[in-house]
Amino acid sequence: VTEKRRTKLRQRHESWMDTFRDQVDIVPGSSVTGNTKAVKRVVNSLELAEILKLAQQMKEAGNASFKEGDFRMAVTRYVQVEQQLKDLRALRTHETQSLAELRRTAQRNLSLAALK
């Protein structure tokens with residue numbers, strides 16, 4: 001295997017591990033104190049409802065900014081949504097789905113606004 005191929009495989013693996021860390025609670029072989037990305041905060045239904053409501057409002061503000069042509073503000077709002085939701089874990093399946101759906105929507109909108 002060539003050095004170029006090894007480098008490409010290493011980068012792909014690191015990218016995959018970053019994605020994996022964002023989606024799981026604890027990464028096998030990593031310490032919780034040494035890897036803060038591996039720990040997600042579990043929230044109850046009431047707290048999650050408030051967080052989702054605020055995140056939805058920020059997403060709508062981003063949508064309004066996007067429609068007005070203020071792409072920098074739209075990017076800011078979508079990043080705020082992502083930051084607010086990235087380390088959360090819900091207890092119930094339907095809550096997990098709502099959380100994931102809002103996060104995916106914000107990520108798609110962020111990508112689109114960043115391209116403008």
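User: What does R103 form a salt bridge with?
Analyst: With E82; the closest N and O atoms are 2.7 Å apart. Keep in mind that this is a predicted model.

User: Is R103 buried or exposed? And E82, buried or exposed?
Analyst: R103 is buried, because its relative accessible area is 16% and the cut-off for buried is under 20%. E82 is buried as well, at 14%.

User: How many salt bridges does the count come to?
Analyst: The count is 3. Among them is R6 with E3, at 3.2 Å from N to O. Both of those residues lie in helix α1, 3 residues apart, about one turn of the helix. R6 is partly exposed at 41% relative accessibility, and E3 is partly exposed at 46%.

User: What about R92 and E95?
Analyst: Their side chains meet in a salt bridge too, at 3.7 Å from N to O. R92 counts as partly exposed, with 46% relative accessibility, whereas E95 counts as buried at 9%.

User: Switching to the core. Which residues touch the most other members of the largest nonpolar core?
Analyst: L48, L52, V81, L85, L88 and L99, out of 13 residues in that core. At least two core residues come from each of α2, α3, β2 and α4, and α2 gives the largest share, with 5.

User: What does L85 touch, leaving out residues up to four places away in sequence?
Analyst: I51, L52, A55, L99, L102 and R103. That last one is the arginine paired with E82.

User: And the overall layout, what order do the elements run in?
Analyst: From the N terminus it goes α-β-α-α-β-α, with 4 helices and 2 strands. Of the 116 residues, 25% count as buried.

User: Where is confidence lowest and highest among the elements?
Analyst: Helix α1 is lowest, with a mean pLDDT of 68, and α2 is highest at 91. The protein averages 79, and 77% of the residues score at least 70.

User: Over which residues does pLDDT stay under 50?
Analyst: Residues 24–36. The model has 17 contacts beyond four places in sequence for that stretch.

Key
Residues are numbered from 1 along each chain as its sequence is written. This is a predicted model: local features need pLDDT of at least 70, side-chain atom pairs count only at pLDDT 80 or more; totals for chains, interfaces and linings use all residues. Side-chain values use heavy atoms; hydrogens and water are left out. A nonpolar core is a set of buried Ala, Val, Leu, Ile, Met, Phe, Trp, Tyr and Cys residues joined through side-chain atoms within 4.5 Å. Buried means under 20% relative accessible area, exposed over 50%, partly exposed in between (1.4 Å probe, protein chains only). Contact means heavy atoms within 4.5 Å. pLDDT is the predictor's confidence in each residue, from 0 to 100. A salt bridge is a side-chain nitrogen of Lys or Arg within 4 Å of a carboxyl oxygen of Asp or Glu.
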